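Welcome, and please have a look at the model below.

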Amino acid sequence: MHTNLLKWPLLLSVVVALCFSTAAYAQLTTYQLQDWLNSPAASSHVGDITGNAKAAALPYRRFCVGCHGELGDGNGENAVWFLTPLYAQPRNFQLAIFKCRSTPTGTLPTDQDLYDTIGRGMDRSNMPAWIPLSKQERADLVAWIKHYSPRWQTEKAGTPIQIPPEPEITPERVKAGQDVFARMQCFKCHGVQGKANGPSASTLTDDLSQPIAPFNFTDGSRPKCGSTDVDIYRIFMTGLDGTPMPSFADNIKPDEAWDLVFYLRSLQPHNAYNEKERQIANQLGLKPVNPNPAQ
Amino acid sequence: MKRQDNSKLAAVSVCLLLCLVVAGLSLSLTNWEVSAAPEGKITGTVKLDGTAPHMKGIDMSKDPWCVKQHANDPAHLELVVVGKDNGLGNVVLYISEGLSGDALNAKPTAVPVFDQKNCLYTPHVLAMDVGQEFKVETSDQTAHNIHPEPNPLTGNIPWNQSQPPGAPPVTKSWKAVEMIHVKCNIHPWMSGYFAVVKGPYAITGEDGSYTIENVPPGSYTVTAWQETYGNQTAKVTVAGGQSAKADFTFKAK
């Protein structure tokens, strides 16, 4: 008698679980979104702040919906005005593919990554820096973003890459950095002087098949995923998912990566970070790399 | 005295029990082997009906290294590869209906290799099972980036990794059935597929012939997938240890 009574709820829950797991991969509906909003994945942890998705419903509607859309699919009413390659389309949160990650290519970013992006904004795009919002509001928005994709229900964020402390800059390191730039052939897209005019630059498209330009190191642009030395290190090691910019984590050793950061700095016009790098490159009289050494 | 007797009895009965268990186990094992009929296979040929469409030559002038590799062997697109007697190459064949249990879930141990060679993908289409590990290698002295573009909502997540000259192989696997387009952003003509299926599979050679091995007896739907022409299906019945036949013809467009 007892066991019989127990059997039914068990069977039912199995059936329900099955239904949900298949539903997760079908077209998104507002019903599912409601469901995910109530799931543990709809929260975030940034330092000692805990973000709660439900608290972000209103701020999202006020500040984000015009571009990222009601369903988080990037089809907000303003999106039609963003013309590529100069201006990327707003991110589609349903796919959960993000450019700015501390985690390996093909993995979800950490809550901290998304939080940092929201505060930083993305240069050369219509994504504003949301500094006026409080830290709590930004953390809540991170949680809200996570309720849009089935991926957050089943996947964990990737493990952030290790970044060793920045070494002292030396002329040898700047020179070695140029060798890494040549060996990795960054110039195929970015050009030998970092002017975004490499041989493949004009043909690049992002994962939405929209034209996309490589980063120009020489025109004073700020990288979308941060301007500090550590940010640049992270950018080329993890890559910008959804774009042609690949991850180099398997091919550049940590020490060499710092050399490359120093060299990339020397390509940039004078800014808050590259006084020494520019000086050294000048003294060394570095010529642009040869794109066809084997010829 | 009595105690000793008892313990002897216990020892004997434990021995007996063990013997019984072992005998039972071996019996059931042999039974299992006998009841599972030997596996069969599905073979056939895939042909193209009509004249093969012209495959354009590839302009590799964006990368002089690539141009040099093809100085005496011009490269052509591989959207439709036709060989002897109109055999159609690079067609993936797999069982889309009828598999169950072990046959569906067995993971092949082979690790298929996708090579970047002379600025093309070799093979052009790499077939694999869900969860099966595969390797991406480069033989080239020019840099590539390997960039598959699955639909993330299937459970397959896109990634993008550089492979400069001398790069170590990348080992990966996929979570769900999908024909995944893969490209290199540096060389926009490079285009291939990871054909991810569930269960035994085969891919046609240039003569259009194929053999799907390790198919347990049963009735199945076989699907043939070609990147330009799409899917075709056929019904087959495989008897134990026998070879069933399924031929396909795609109309040239």
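## Two domains of chain A

In this predicted model, the centres of domain 1 of chain A and domain 2 of chain A, taken over C-alpha atoms, are separated by 27 Å. Domain 1 covers 28–154 and domain 2 covers 171–284, with bounds that come from an automatic or database domain assignment. Where they touch (contact means heavy atoms within 4.5 Å), 19 residues of domain 1 of chain A meet 21 residues of domain 2 of chain A.

The size of an interface is often given as the accessible area lost when the parts come together. Here the two domains of chain A bury about 1700 Å² between them, 54% of it on carbon and sulfur atoms; buried area is the accessible area (1.4 Å probe) that two parts lose on being put together, summed over both. On the side of domain 1 of chain A, the residues losing the most area are A:K99, A:D123 and A:R124, which together give 36% of what that side buries.

Two salt bridges are counted between these domains, a salt bridge being a side-chain nitrogen of Lys or Arg within 4 Å of a carboxyl oxygen of Asp or Glu. A:D123 also forms a salt bridge with A:R222, with the closest N and O atoms 3.6 Å apart.

## Rings in chain B

Rings of Phe, Tyr and Trp (its six-membered ring) pair if their centres lie within 6.5 Å; planes under 30 degrees apart count as stacked, over 60 as edge-to-face and the rest as tilted. That rule gives 18 aromatic pairs over all chains. B:F114 and B:Y121 are a stacked pair because their ring centres are 4.8 Å apart and their planes stand at 25 degrees.

Both B:F114 and B:Y121 are buried (under 20% relative accessible area, with exposed over 50% and partly exposed in between; 1.4 Å probe, protein chains only). Ring pairs also join them with B:F134, B:W159, B:W174 and B:F194 in a cluster.

## Backbone notes

Most residues other than glycine have a negative phi, and most peptide bonds are trans. B:N118 has a positive phi near 50 degrees, and B:C119 one of about 65 degrees. B:N118 counts as partly exposed because its relative accessibility is 27%, whereas B:C119, at 0%, counts as buried.

The peptide bond between B:T122 and B:P123 is cis, with omega about -5 degrees.

## Reading the numbers

Residues are numbered from 1 along each chain as its sequence is written, and chains are lettered from A and ligands numbered from 1 in the order in which they are written. Local features need pLDDT of at least 70, side-chain atom pairs count only at pLDDT 80 or more, totals for chains, interfaces and linings use all residues, and side-chain values use heavy atoms, with hydrogens and water left out.
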